[in-house]
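I opened this notebook to record what I looked up in the structure, entry by entry. The sequence and the model come before the notes.

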Amino acid sequence: MKVLVTGAGGMLGTDIMHAFKEHNTLGLTKPELDITKIDQVTKTIGQYKPDLVINCAAYTKVDDCEINKDLAFKVNALGPRNLAIACQSQAAAIVHISTDYVFDGTANRPYTEFDSTKPLGVYGQSKFAGEQLIKSLMTRHFIIRTSWLYGANGPNFVETMLRLAKEYSEIKVVNDQQGSPTYTKDLAQAVVELIKTPAYGLYHLTNSGNCTWYQFAKEIFRIEGIDIKVNPCTTEAFPRPAPRPKYSVMENYFWKLHGRPPMRDYKEALKEYLDSRG
Ligand SMILES: NC(=O)C1=CN([C@@H]2O[C@H](COP(=O)(O)OP(=O)(O)OC[C@H]3O[C@@H](n4cnc5c(N)ncnc54)[C@H](O)[C@@H]3O)[C@@H](O)[C@H]2O)C=CC1
């Protein structure tokens, strides 16, 4: 299968490239293909003629999106639209990555793919607009909502905690936001499995289990044997420009209905990630 990966230099994009190395895969970074430029997108996809495009490109700085609203919608909504138009005209399928931030976090049980969305901030709004544009412009789409990503190839929460532990003997971490940390390597492997069938549609895909950021930090330090005092705090005590959902655990319901075993527990995935850092 001929595959084209956008945002191939990003955290998930790099692991997607590894996972798809058995395929005939071309990865393009932002300087090589800017998804906001419709002419570039249609030309590149028209020339390469992929069977599948995997869109890992996004404007992911959640707080910056609040200030740079136009850029957020350009990259996260019009970018996927451009890809959808080009894919549709070349009869290519698309995998598009979306986010738990499409939810407002007021649920008291894991969100399924059937639940209503209500993004709280610009990032979530722009990502949701991207989902809608893809859905309305092409049928052969896999839209994957994932959450709390970490992996070898980008700044992430795990690396931030390990850095802070070198600088401080005591830190505070938010304990009233709950989600499912997900290892980019596991997500990339799940994408490999998913695209084997034409079971198009919307999927929630995360590692199993859930925690607060505070509990996630405690688990990182436990596995690493790091002695640091971690104090739980509220979101209000740690103000950020963009609002975050308090609860964004997602049931991987369609994945389950599709007959797939749950992705492994986040603690097991986290241990493998930490061990791989040496
Ligand atoms: N990091 C996280 O915790 C989560 C991420 N996601 C989604 O997962 C996907 C991958 O995210 P990450 O790998 O973490 O992000 P990342 O920021 O590491 O990678 C995104 C890549 O997109 C590229 N990019 C930005 N604007 C572009 C443009 N106009 N054209 C082409 N490329 C462009 C960047 O250069 C970067 O390499 C994104 O769709 C993101 O919204 C979803 C949930 C959680």
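Is Asp186 buried or exposed? I found Asp186 buried, with a relative accessible area of 13%. The model I consulted is a predicted one, and every value noted here is computed from it.

**Entry 1. Asp186 and its partners**

I looked up the charged partner of Asp186 and found a salt bridge with Arg264, at 2.8 Å from N to O. The pair joins distant parts of the chain, with Asp186 in helix α7 and Arg264 in the loop between α9 (253-257) and α10, 78 residues apart. Arg264 is partly exposed, at a relative accessible area of 24%. Asp186, by contrast, falls under the 20% limit for a buried residue, its relative accessible area being 13%.

I then checked whether the pair stands alone. Asp186 and Arg264 belong to a network of salt bridges that also takes in Lys185, Glu268 and Glu272. For the whole model I noted a count of 18 salt bridges.

**Entry 2. Helix α10**

I next asked which residues of α10 are buried. They are Tyr266, Ala269, Leu270, Tyr273 and Leu274. Viewed along the axis of α10, these buried residues lie within an arc of 135°, so they line one face of the helix.

I inspected both ends of the helix. At the start of α10, a side-chain oxygen of Asp265 comes to within 2.9 Å of the backbone nitrogen of Lys267. Just after α10, Gly278 adopts a positive phi of about 75°.

Lys271 is also in helix α10, and I found it partly exposed, with a relative accessible area of 41%.

**Entry 3. Helix α6**

I repeated the search for α6 (residues 157-167), where Phe157, Val158, Met161, Leu162, Leu164 and Ala165 are buried. These residues cover an arc of only 160° around the axis, which puts them on the same side of α6. Among the elements that cover them are β6 (149-150), β7 (170-174), α8 (213-224) and α10 (266-276).

At the start of α6, I found a side-chain oxygen of Asn156 within 3.0 Å of the backbone nitrogen of Val158.

Which residue forms a salt bridge with Glu159? It is Arg277, with the closest N and O atoms 2.7 Å apart. This pair links distant parts of the chain, Arg277 in the segment after α10 and Glu159 in helix α6, 118 residues apart. Arg277 counts as partly exposed at 37% relative accessibility, and Glu159 is likewise partly exposed, at 24%.

**Entry 4. Gly151**

I turned to the loop between β6 and α6, where Gly151 is found. At 0% relative accessibility, Gly151 counts as buried. Setting aside residues up to four places away in sequence, I listed its contacts as Met11, Asn156, Tyr183, Thr184 and Tyr273. Tyr273 is among the buried residues of α10, and Asn156 supplies the side-chain oxygen at the start of α6.

**Entry 5. Thr25**

I located Thr25 in strand β2 (residues 24-28). A polar atom of its side chain lies 2.8 Å from the backbone oxygen of Phe20. Apart from neighbours within four places in sequence, Thr25 is in contact with Val3, Val5, Met17, Phe20 and Tyr48.

Asp34 counts as buried at 15% relative accessibility, whereas Lys37 is partly exposed, at 44%.

Ile38 is in helix α2 (residues 38-48) and is partly exposed, with a relative accessible area of 32%. Where does Ile38 take part in a nonpolar patch? I found the patch on the surface, formed by Ile38 with Ile85 and Leu137, and their accessible area together is about 200 Å².

Note on methods:
Residues numbered from 1 in each chain as written. Predicted model: local features only at pLDDT ≥ 70, side-chain atom pairs only at ≥ 80, totals over all residues. Heavy atoms only, no water. Patch = residues over 30% accessible without salt bridge, like charges linked within 9 Å, V, L, I, M, F, W, Y side chains within 5 Å. Areas by Shrake-Rupley, 256 points an atom, 1.4 Å probe, with all protein chains shown as cover. Salt bridge = Lys/Arg side-chain N within 4 Å of Asp/Glu carboxyl O. Helix = DSSP H or I, 4+ residues; strand = E, 2+ residues; numbered from the N terminus. Buried < 20%, exposed > 50% of the residue type's maximum accessible area, 1.4 Å probe, protein only. Arc of directions from axis to C-beta. Contact = heavy atoms within 4.5 Å. Polar contact = N/O pair within 3.5 Å; in protein donor to acceptor, adjacent residues only side chain to side chain.
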